[in-house]
Amino acid sequence: MGHSRFSDRKVVVALALLCCLLWGSSYPAIKTGYAWFGIARNDIPAQLVFAGWRFLGAGLILLAWAAATRKAIWGLGFGAGRQLVGLGLAQTTLQYVFFYVGLAHTTGVKGSIMNATGTFFSVLLAHWVYHNDRLSHAKLCGCLVGFAGVMVVNLGRGTLDLDFTLLGEGFVVIAAFVLAAASIYGKQVSQRMDSVVMTGWQLGIGGAALLAIGWGLGGSLRGFTWGSSVLLVYLALLSSAAFSLWSILLKHNRVSQVTVFNFTVPIFGAALSALFLGEALWEWKNLLALVLVCGGIWLVTRDAASPTK
């Protein structure tokens, strides 16, 4: 791995936690954006326009950075272009249609916990796709513990009641599954092109498609103020910055040393949603769900440490 400063343990811990903090902050930021832009929970076209501007902006930021660091962003060939369009439509467009609509119909605390199921979907899908990434007892146990946490957070007031809706929590889980599946395809595509260029294009293409769909359905984004504009720029920057730092860490360290920090994303997401949105976090079911989900993520990512990594 070399002796890069990005291999220094303190640097890895600090930057990995920063990435997870940025990703966790997106939950209250999106919910706040809905309020500041006056987007109603049932106004799906406006939600898609909001998402489209964010990811188109994030893609352009990454492509500009790639060009500034003398990476080829043009002339990638027809085959690569077709792969980028497919990846953009799946990993950005399709995923965030479900995510943005789902988050409009649930709380930031529950959304951050539900979206963490993506880690478990990735483990389960990898078992069927990769011969060297089979399910182990620790991974299976981690998945079961994590999904138990998801069940707990959706308990209603009665013992057997489930506070779960398809448009809310259901769509957030579907978004997590789409991301897990698309990421496996993205890993194959990244073997043949620079990861920053690949992500820049797929975010940009996916964001443009979200905009087109939102506009086609009659959506628009109104209510631009300094505050709402800065919030939109922040959402674009957090996507591009977190990805860039994460990819650098993965380049200079074993995958398992970096991904083990994923368990902090739902912690940051839930805590920041409680802090900025005034949502309930200190309910027993939310805290128990956080412990179970984070414990499950820790189990499956800790088990990923192997000589092949």
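Let's start with the contacts of Lys-110. Set aside its neighbours within four places in sequence, and Lys-110 is in contact with Val-153, Asn-154, Asp-163 and Glu-169. Keep in mind that this is a predicted model.

Where does Lys-110 lie? In helix α4, which covers residues 108–115. Is Lys-110 buried or exposed? Its relative accessibility is 9%, and buried means under 20%, so Lys-110 counts as buried. Now take one partner from that contact list, Glu-169. The side chains of Lys-110 and Glu-169 are joined by a polar contact of 3.1 Å.

Next, Arg-70. You will find Arg-70 in the loop between α2 (44–68) and α3 (78–104). On accessibility, Arg-70 comes out at 80%. Exposed means over 50%, so Arg-70 counts as exposed.

Last stop, the surface. Which residues form a nonpolar patch there? Ile-61, Val-233 and Leu-237. Together they have about 230 Å² of accessible area.

Look at Val-233 in that patch. Val-233 sits in helix α9, residues 226–252. Its relative accessible area is 47%. That value falls between the 20% and 50% cut-offs, so Val-233 is partly exposed.

Terms used:
Residues numbered from 1 in each chain as written. Predicted model: local features only at pLDDT ≥ 70, side-chain atom pairs only at ≥ 80, totals over all residues. Heavy atoms only, no water. Patch = residues over 30% accessible without salt bridge, like charges linked within 9 Å, V, L, I, M, F, W, Y side chains within 5 Å. Areas by Shrake-Rupley, 256 points an atom, 1.4 Å probe, with all protein chains shown as cover. Salt bridge = Lys/Arg side-chain N within 4 Å of Asp/Glu carboxyl O. Helix = DSSP H or I, 4+ residues; strand = E, 2+ residues; numbered from the N terminus. Buried < 20%, exposed > 50% of the residue type's maximum accessible area, 1.4 Å probe, protein only. Polar contact = N/O pair within 3.5 Å; in protein donor to acceptor, adjacent residues only side chain to side chain. Contact = heavy atoms within 4.5 Å.
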